[in-house]
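Please go through the charged contacts of this chain with its coordinates open.

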Amino acid sequence: MPRATQILRKSRKVVEDLNLLKVLQSEISHELSSNSFQDDNNGSLGDFVLDWNSSQSQDVVLRRKSESGEEVAVSALLSQKTYDTDGIFPRQLLMKVCVKRPGLSSILQFDCGVSEKGVRRSDFKIRSAYFLQSTTVPGSSIYRGPLFSSLEPQLQDALKEYLVARGIREDLTNFLLLTLHKKEQGQYLDWLQKLESFVAKDERLFSAAAG
């Protein structure tokens with residue numbers, strides 16, 4: 001009787017694993033057939049170069065250096081929130097733009113949000129702007145500047161134009177939206193395939209033992 005119970009438990013486990021395997025295979029087929037972002041070539045890097053885009057990380061880093069010696073670095077990743085939209089991209093981007101002027105030790109950093117604005121259109125909003133010392137890590141109590149939304153509208157617009165003049169334009173934000181959504185989709189598919197392989201291997205081992 002104990003052996004019969006053990007066989008029954010193992011059989012139930014096999015059924016549950018097979019069900020999980022079928023669900024995984026269905027999801028993988030869906031992802032492979034949907035190709036939501038694969039055929040879209042919207043956006044460009046402009047004068048920036050892609051400095052970091054590891055398949056293991058969620059972010060990308062771009063850099064640009066002008067003839068004057070000014071350096072601009074952009075890092076971006078997808079936000080965790082999903083938005084109802086009629087466009088292609090369901091998630092916004094979190095983008096940091098750092099500007100370093102030659103001869104100065106401080107860095108001007110902008111924290112921004114990037115979102116889709118209609119088909120093949122996007123825009124960014126500055127959420128905060130503050131200075132960093134390149135050799136120190138600021139503490140939580142350090143004053144970083146005023147609440148950006150409290151600034152005069154003219155100053156907000158002027159700071160946005162400051163970034164636009166340094167290449168933070170729609171072509172670049174379009175590129176980032178597409179690149180990061182494709183990256184996340186590829187990472188999700190890779191995770192599904194690894195999980196499928198893990199479950200399938202477990203099932204084969206049990207079948208071999210049972211046989």
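## Arg121 and its partner

Arg121 counts as partly exposed, at 47% relative accessibility. The terms are set by relative accessible area: buried is under 20%, exposed is over 50%, and partly exposed is in between (1.4 Å probe, protein chains only). Arg121 makes a salt bridge with Glu170, and their closest N and O atoms are 2.5 Å apart. A salt bridge here needs a side-chain nitrogen of Lys or Arg within 4 Å of a carboxyl oxygen of Asp or Glu. The pair links distant parts of the chain, 49 residues apart: Arg121 sits in the loop between E5 and strand E6 (122–133), and Glu170 in helix H3 (residues 170–210). Glu170 is also partly exposed, at 27% relative accessibility.

## Basis of the model

This is a predicted model: local features need pLDDT of at least 70, side-chain atom pairs count only at pLDDT 80 or more, and totals for chains, interfaces and linings use all residues. Residues are numbered from 1 along each chain as its sequence is written, and side-chain values use heavy atoms, with hydrogens and water left out.

## Overall layout

The chain has 3 helices and 6 strands. Helices (H or I, at least four residues) and strands (E, at least two) are DSSP runs, numbered from the N terminus. Read from the N terminus, the order is α-β-β-β-β-β-β-α-α. Of the 211 residues, 34% count as buried.

## Strand pairing

Strands E1 (residues 49–52) and E2 (residues 60–65) run antiparallel and are joined by 3 bridges. Pairing requires at least two DSSP bridges between two strands. Trp52 has Val61 in E2 as its bridge partner.

E2 also pairs with E3, again antiparallel, over 6 bridges. There, Arg63 is partnered by Ala73 in E3. The hairpin of E2 and E3 has 5 residues between the strands, and Gly69 in this hairpin takes a positive phi near 95°.

## Other salt bridges

How many salt bridges does a search of the whole structure find? The count is 8. One of them joins the side chains of Glu70 and Arg101, at 3.2 Å from N to O. Glu70 lies in the loop between E2 and E3, and Arg101 in the loop between E4 and strand E5 (106–116), so the pair ties together parts that are 31 residues apart in sequence. Is Glu70 buried or exposed? Glu70 is buried, with a relative accessible area of 8%. Arg101 is partly exposed, at 40%.

Another bridge joins Asp190 to Lys194, with the closest N and O atoms 3.3 Å apart. Both residues lie in helix H3, 4 residues apart, about one turn of the helix. Asp190 is partly exposed, with a relative accessible area of 34%. Lys194 counts as exposed, at 54%. Elsewhere, salt bridges with shared partners join Glu70, Arg101 and Arg166 into one network.

## Positive surface patch

Which residues form the positive surface patch? They are Lys81, Lys117, Lys125 and Arg127. Patch residues have over 30% relative accessible area and no salt bridge; like charges are joined within 9 Å, and nonpolar side chains (Val, Leu, Ile, Met, Phe, Trp, Tyr) within 5 Å. Lys and Arg count as positive and Asp and Glu as negative, while His and the chain ends are not counted. Each charge is placed at NZ of Lys, CZ of Arg, CG of Asp or CD of Glu.

Lys81 is found in the loop between strand E3 (71–78) and strand E4 (93–100). Lys81 is exposed, with a relative accessible area of 59%. Accessible areas come from the Shrake-Rupley method with a 1.4 Å probe, and for residues only the protein chains shown count as cover.
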